Amino acid sequence: MAGLGMGAGLRLLRRIPPGFGGSRLQSTQEAQAVLPKTGTTTATAAPPKAQRSLEESKSFAVGMFLGRLNAEQVFPYPSVLTEEQEQTLRELVGPLSRFFEEVNNPFKNDALEKVEDETMKGLKELGAFGLQVPLEFGGLGLNNTQYARLVQIVGQHDLGVGITLGAHQSIGFKGLLLYGTPPQKEKYLPRLATGEWVAAFCLTEPGSGSDAASIRTRATPSPCGSFWTLDGEKIWISNGGLAELFTVFAQTPVRDERSGESRERITAFLVERGFGGVTHGPSEKKLGIRASNTTSLHFDSVRVPAQNVLGGLGGGFKVAMNILNNGRFGMAAAMAGTMRGLLQAAVAHASTRTQFGAKIHKFGAIQEKLARMALLHYVTESMAFMISANMDRGDPDFQIEAAISKIFGSEAAWAVADECIQIMGGMGFMQEQGVERVLRDLRIFRIFEGTNDILRLFVALQGFQGLGAQLRGVQAALRDPLGNVGVLTGEVTRRLRRKAGLGSGLSLQHLVHPELKDGAQQTQQCLELFATTAEALLLKHGKRIVEEQFALKRVADAAIDVYAMAVVLSRPTSASWPRCGRSRTETSGTFGTCRGPWWRAGGWWCPPRWDSDSKNTPKHPKIPQKYPKTTLKHPKNHPGLPTAETPQNTPKTSLKHPKTPPGLLTTKTPQNTPKYPKNHPKIPQKPPWDSDSRNTPKHPKIPQKPP
Amino acid sequence: MAALRVLVGVKRVIDFAVKVRVAPGGAAVQTQGVKHSLNPFCEIALEEAVRLREAGAATEVVVATLGTKASQETLRTALAMGADRAVLAELAEGAAAGPREVAVALAALARRLQPQLVLLGKQAIDDDCNQTGQILAAILDWPQGTFASRVSLEPGAVQVQREVDGGLETLRLRLPAVLTADLRLNEPRYATLPNIMKAKKKPLEVVPAADLGVPAGPPRLRLLQLQEPPPRAGGEKVESVESLLGKLRHAGRI
């Protein structure tokens, strides 16, 4: 199985660094470009630089946490293919589809638990093993968007073959493409492109799955420095039995230049089977993707030449992160393709099966299923191509979005396969139709390349890192309020506006087509709710947020929902998709996608829970007491809601100003750290972000004390 | 071996897997937005030409077609399958391109390029004319070997095995000759993705059809009406030959 890489989130759990968030996470962002770092450790920039670059990040997801609308990467829907590239792509789609329709037999592959020899040979001749290898090395030199389109075709027909190809080029030798030196590339890429040599990615060990940093395979340098001796064991390696070239991750002793002491750091190596000492175990028997060869690997004193170090000594973790990050969009694309195939099967069945005197697609229950399947497919496809286009354009920050697309795609595909079998009824359960095989194949996609659970933690924590950096800026300003009035006023204004339901000035209306304005409004509200909640959570927990996995998971789910909403607003709006012009189906799909999360977020009860006219709004001398009329009408006469008149009915609330707002100060601060400055003329009476429930207006129908 | 050029004529047709529909108006087939591809018989002819070149019997394979700008895509596919260069005789949209026009264009190209062999598919799957090869041979006054199921080149001649109604017929034709390919001649290769990329660099020449003497007048054949066949009525099984004959007589069929 492909190695698991999102140990980033877990690294935070194991070693909480002094500043908020991890400088280690930051290194992944800075390493998007292909700069070979030779001989240096992963010494990364100090937190202040991290804070700056995260704040400058154009990523939509990062902006979400900061309460900003970073629309650049999402609106308009990016379209990066030149006419020539599009023409090429169209020419490639035909032969590849034909091959999979006519030559590849997924049933046979699944039954034999390997890809048939003829098919394998045909795939190699077809050139499917070197799609992204540059032309000068014998590959097709496709960019990410073109690759995503072809992977979509593979995913539609046979996921077992998809994994064989993906483990080879999407992760197996991706490290070589991203970090390889010219001699390394010249030596290995030509044979890899034709499929003469197959590659594999070796990270996972019996004791190290999600916790990738804890691998035990070791490489010891030789005294002369010309080779390394590699010892260790890897399990569940896709293509383990077929591969000739392995990207192996091992612990190596690394000398810290400054302190002179030796530490263990992960390094990536290019290991040829021909070096000797490399053996593989029998092919694992699996639930799904049986055609893919999965074995354990043993390295017994394998001599690896020093020039086969990949990405520099000690750079292995970063290499692993980036390889997996770079390959994630491919997975979403494959999932989109699989869902397309499943939809076709479901529709074919529903439109031919007659029960109760009618074709079953006439019945609402079936229509609902088909509609939901189409929705999930549309969102996944839109995400996949948006991210691949972002990467092709050179946008540096896409890791959170890539993780989101992987989570969404794998879970959506599972749901779609499940519903497809349901629509097909008993037929779906039979092996002959092939859908049961697809369901079995899909199960692993929620597990490998970063389990969805780990990726959720990553999405939440990476986002919080940016937010934490921003709040640290505020905190620093608070230590010197006189010198930072601008910062504080700005921050306070922003929060007050948000609290007042005015919105932070975020608006999507001008970015989307008028037909989609409802969805845009729902997305706006969700964005604001999300930012407010994220901030409140972070202030409540501070550094300990890394341990609050219940909250983190929910934050990640919300982030995924909001990103999906944004993506699905962007695609139909964009005029650069003439073939997929705004259709009623797409508009309804947008509606469907936006409404669910909006409802879940409580957006229907808007403006936010704290009433915009309430006397509880803190009075700031510089902010006008009466806010301009908002278009968001508070549903005044709803029985279950607090109304504007409520304050009269309630006993006077004692707004006790808490001495220290929870979470603002760290537990390790010294005694003379300034507390929240209560009596400063320019600071409001109490922190506007106090999420403490004492300030929630009291509703007559809600008991003050729980029974 | 002396330079032996092979000219292959191809046609862009609606893909064989597409369910064809009658366009509104009833006088044409719906072609807008429908998937088109290289005619299967032309593919077989092209494959044979490429095999001849790979075997060393031929030195160059030129593929040509008469069609609109969209046919360039088809020529690219042909280049990806192994042709060396391509020529498009470009027609305006909606202009007639029946077997006679195609034969005239190919004849002009043949006089220009001086091939020793012209290979065509026996018929196109959209109109099923089975005329172009024959008309071309007549215009050029070259020998023709149609419905070829085996081709082998000899010095100055070509031996052709033809599939005819009565069986198989083998002919020896003096070069230059026109051959049309039948189904069992060979099995065309899949265009590999690297070859598709390489095909982009191969030369593709565009020549206006009028330059080749293609008559510009109205088509000599006018399609009056197209209609879909009546939907299949149910069949019936009978127990014996007598009852079968009885039923046929009753239905007025015999």
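Modeller: Gladly! Axes here are lines fitted to C-alpha atoms, for helices over the stretch in contact, and angles run from 0 to 180 degrees between N-to-C directions. Helices (H or I, at least four residues) and strands (E, at least two) are DSSP runs, numbered from the N terminus. This is a predicted model, where local features need pLDDT of at least 70 and side-chain atom pairs count only at pLDDT 80 or more, while totals for chains, interfaces and linings use all residues. Residues are numbered from 1 along each chain as its sequence is written, chains are lettered from A in the order in which they are written, and side-chain values use heavy atoms, with hydrogens and water left out.

Colleague: What makes helix 13 of chain A roughly perpendicular to helix 20 of chain A?

Modeller: Helix 13 (residues 364–393) and helix 20 (residues 549–573) of chain A pack at about 80°, their axes 9 Å apart. Angles from 65 to 115 degrees count as roughly perpendicular, under 35 as roughly parallel, over 145 as roughly antiparallel, and the rest as oblique. Therefore helix 13 of chain A is roughly perpendicular to helix 20 of chain A.

Colleague: Which residues of these two helices meet?

Modeller: Contact means heavy atoms within 4.5 Å. Among the residues that meet are A:Tyr378 and A:Met383 in helix 13 of chain A, and A:Ile560 and A:Val567 in helix 20 of chain A.

Colleague: Why are helix 3 of chain B and helix 4 of chain B called oblique?

Modeller: Helix 3 (residues 99–113) and helix 4 (residues 132–140) of chain B pack at about 45°, with 8 Å between their axes. These two helices of chain B are therefore oblique to each other. By class, their contact has 11 nonpolar, one polar and two charged residues. Ala, Val, Leu, Ile, Met, Phe, Trp, Tyr, Cys and Pro count as nonpolar, Asp, Glu, Lys and Arg as charged, and the others, Gly among them, as polar.

Colleague: How do you know that helix 2 of chain B is mostly covered?

Modeller: A residue is buried under 20% relative accessible area, exposed over 50% and partly exposed in between (1.4 Å probe, protein chains only). In helix 2 (residues 71–81) of chain B, eight of the 11 residues are buried, including B:Leu75 and B:Met81. Just after this helix, B:Gly82 takes a positive phi of about 135°.

Colleague: What share of chain A is buried?

Modeller: Buried residues make up 56% of its 707 residues. Chain A has 22 helices and 10 strands.
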